Amino acid sequence: SLHDALPILLLAPSALNRQPYIVSGVGNKVSFKVKSGILSKVDLGIGKYFFELGAGKENFEWSSYDTN
């Protein structure tokens, strides 16, 4: 479930150990962003992977994902 994904996301590494993840959602639609930085696209990929791992890819859909 989506609630199961958040603890997994908190365990995710980030490029500079900043944990720059910003997650919001309504229903099964999830918006995922990371704070801007030199490696923000790397962080975006890491965070999305761990979120999908925790939530189960079939249990939600991305409404948007971006680097700020």
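Two strands pair if DSSP finds at least two bridges between them. Helices (H or I, at least four residues) and strands (E, at least two) are themselves DSSP runs, numbered from the N terminus. This structure is a predicted model, in which local features need pLDDT of at least 70 and side-chain atom pairs count only at pLDDT 80 or more, while totals for chains, interfaces and linings use all residues. Residues are numbered from 1 along each chain as its sequence is written, and side-chain values use heavy atoms, with hydrogens and water left out.

Strands β1 and β2 run antiparallel and are joined by six bridges. They form a hairpin with two residues between them, and G27 in that turn has a positive phi of about 65 degrees. V26 has K29 in β2 as its bridge partner.

Strand β2 also pairs with β3, here in the parallel sense and over six bridges. Together, β2, α2 and β3 make a right-handed β-α-β unit; right-handed means that, with the strands pointing away from the viewer, the path from the first strand over the helix to the second runs clockwise.

Side chains of opposite charge can pair when their charged atoms come close. The structure holds two salt bridges, each a side-chain nitrogen of Lys or Arg within 4 Å of a carboxyl oxygen of Asp or Glu. One of them is between E61 and K29, whose closest N and O atoms are 2.9 Å apart. Because E61 lies in β3 (residues 61–67) and K29 in β2 (residues 29–34), the pair ties together parts that are 32 residues apart in sequence. E61 is partly exposed at a relative accessible area of 39%, and K29 is partly exposed at 38%; partly exposed lies between buried, under 20% relative accessible area, and exposed, over 50% (1.4 Å probe, protein chains only).

The other salt bridge joins D43 to R18, with the closest N and O atoms 3.7 Å apart. D43 sits in helix α2 (residues 40–55) and R18 in the loop between α1 (2–11) and β1 (21–26), so this pair links distant parts of the chain, 25 residues apart. D43 counts as buried at 1% relative accessibility, whereas R18 is partly exposed at 36%.

The loop between α1 and β1 also holds N17 and Q19. N17 is not a glycine, yet its phi is positive, near 60 degrees; N17 is exposed, with a relative accessible area of 68%. Q19, also not a glycine, has a positive phi of about 50 degrees and is partly exposed at 30%.
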